[in-house]
Amino acid sequence: MWSSAAALVAASFLIALSPGPGTALVLRQSVRGRGSALATVAGMEVGVACWAVAAALGLSVLLTASEIAYHALRITGAVFLVYLGVKAWRSASEPVTAPPPASHAFRAGLVVNLANPKLGVFAVSFLPQFLPAGGGRSVLLLFALVWVLVDTAWYLVVVVVLDRVRGRLSRARVRRTLERVSGAVLVALGLRLVLSAR
């Protein structure tokens, strides 16, 4: 079991390193302050935990079996990403205001991951690969927790690093550039999600 757990940690870390909507969202929120970035990470990881637990319990198989549910969730996620991207682009030209409430940042992170059906499909195919012979549902749930913890640890490192350079990131010109870049990335990811097949 320990070798399977070690392989899971390594694989989870490599997956966390790959950039996606979460990375763009955390980068954008980091400009607004560490609190907003941490709230975003918390929301994202609750979303990851929901998919991981659903996969461990066999519930997300329903998503892979239902074309309607899959595509409905895919469209919802894509629309939300585009909305966040447009919002980031528009805010680039607005004066800096007080950071948004942490609940807003948390909700954005949560919805980004919950409305990503590919995360659910990935969880279904990812976690069982590391299940040792004789491992049951309890081991899958434990592995789901490991996946969430590794993902959380990585994003916390990202937040700490960005917080160290937030003084530079908060400069008007740099902030506008980051807002526009992160906004464009979120829109592009949303469009890719809406145009992609399974």
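Is phenylalanine 13 buried, partly exposed or exposed? At 38% relative accessibility, phenylalanine 13 counts as partly exposed. Keep that residue in mind as you go through the views below, and remember that this is a predicted model.

Figure 1. The protein has ten helices and zero strands. Starting from the N terminus, the elements run α-α-α-α-α-α-α-α-α-α. Of its 198 residues, 42% count as buried. Among the contacts with a separation of 6 or more, 85% are made by residues 24 or more positions apart. The accessible surface comes to about 10,200 Å², and carbon and sulfur atoms account for 69% of that surface.

Figure 2. A pair of aromatic rings is described by the distance of the centres and the angle of the planes. The count for this protein comes to two aromatic pairs. One of them is formed by phenylalanine 13 and tryptophan 154, and it is edge-to-face, with 5.9 Å from centre to centre and 90° between the planes. Phenylalanine 13 sits in helix H1 (residues 2–17) and tryptophan 154 in helix H8 (residues 137–164), so the pair ties together parts that are 141 residues apart in sequence. Tryptophan 154 is partly exposed, with a relative accessible area of 23%.

Figure 3. An α-helix has 3.6 residues a turn, so residues three or four places apart point the same way. In this pair, tyrosine 83 is partly exposed at 46% relative accessibility, whereas Phe80 is listed among the buried residues of H5.

**Figure 4. Helix H5 can be followed from end to end.** How far apart are the end C-alpha atoms of H5? They are 36 Å apart, which agrees with the 36 Å that its 25 residues should span at 1.5 Å a residue. Along the way, the buried residues of H5 include Tyr70, Arg74, Gly77, Leu81, Leu84 and Ala88.

**Figure 5. A nonpolar patch lies on the surface.** Ile75, Val79, Leu191, Val194 and Leu195 form this patch, and together they have about 450 Å² of accessible area. Both H5 and helix H10 (172–195) supply at least two of its residues. The most comes from H10, which gives three residues. Look for leucine 195 in helix H10; leucine 195 is exposed, with a relative accessible area of 73%.

**Figure 6. Tryptophan 51 is a buried residue of helix H3.** You can find tryptophan 51 in helix H3 (residues 34–56). Its relative accessible area is 11%, and because buried means under 20%, tryptophan 51 counts as buried. The C-alpha atoms of tryptophan 51 and valine 148 are separated by 9.9 Å, while the two residues are 97 residues apart along the chain.

Figure 7. The twelve residues of helix H2 (residues 21–32) reach 17 Å from the first C-alpha to the last, close to the 16 Å expected at 1.5 Å a residue. Its buried residues include Gly22, Leu25, Val26, Arg28 and Gln29. Just after H2 comes glycine 33, which takes a positive phi of about 135°.

Key: Residues are numbered from 1 along each chain as its sequence is written. This is a predicted model: local features need pLDDT of at least 70, side-chain atom pairs count only at pLDDT 80 or more; totals for chains, interfaces and linings use all residues. Side-chain values use heavy atoms; hydrogens and water are left out. Rings of Phe, Tyr and Trp (its six-membered ring) pair if their centres lie within 6.5 Å; planes under 30 degrees apart count as stacked, over 60 as edge-to-face and the rest as tilted. Helices (H or I, at least four residues) and strands (E, at least two) are DSSP runs, numbered from the N terminus. Buried means under 20% relative accessible area, exposed over 50%, partly exposed in between (1.4 Å probe, protein chains only). Contact means heavy atoms within 4.5 Å. Accessible areas come from the Shrake-Rupley method with a 1.4 Å probe; for residues, only the protein chains shown count as cover. The expected span of a helix is 1.5 Å times one less than its number of residues. Patches are made of residues with over 30% relative accessible area and no salt bridge: like charges are joined within 9 Å, nonpolar side chains (Val, Leu, Ile, Met, Phe, Trp, Tyr) within 5 Å. A salt bridge is a side-chain nitrogen of Lys or Arg within 4 Å of a carboxyl oxygen of Asp or Glu.
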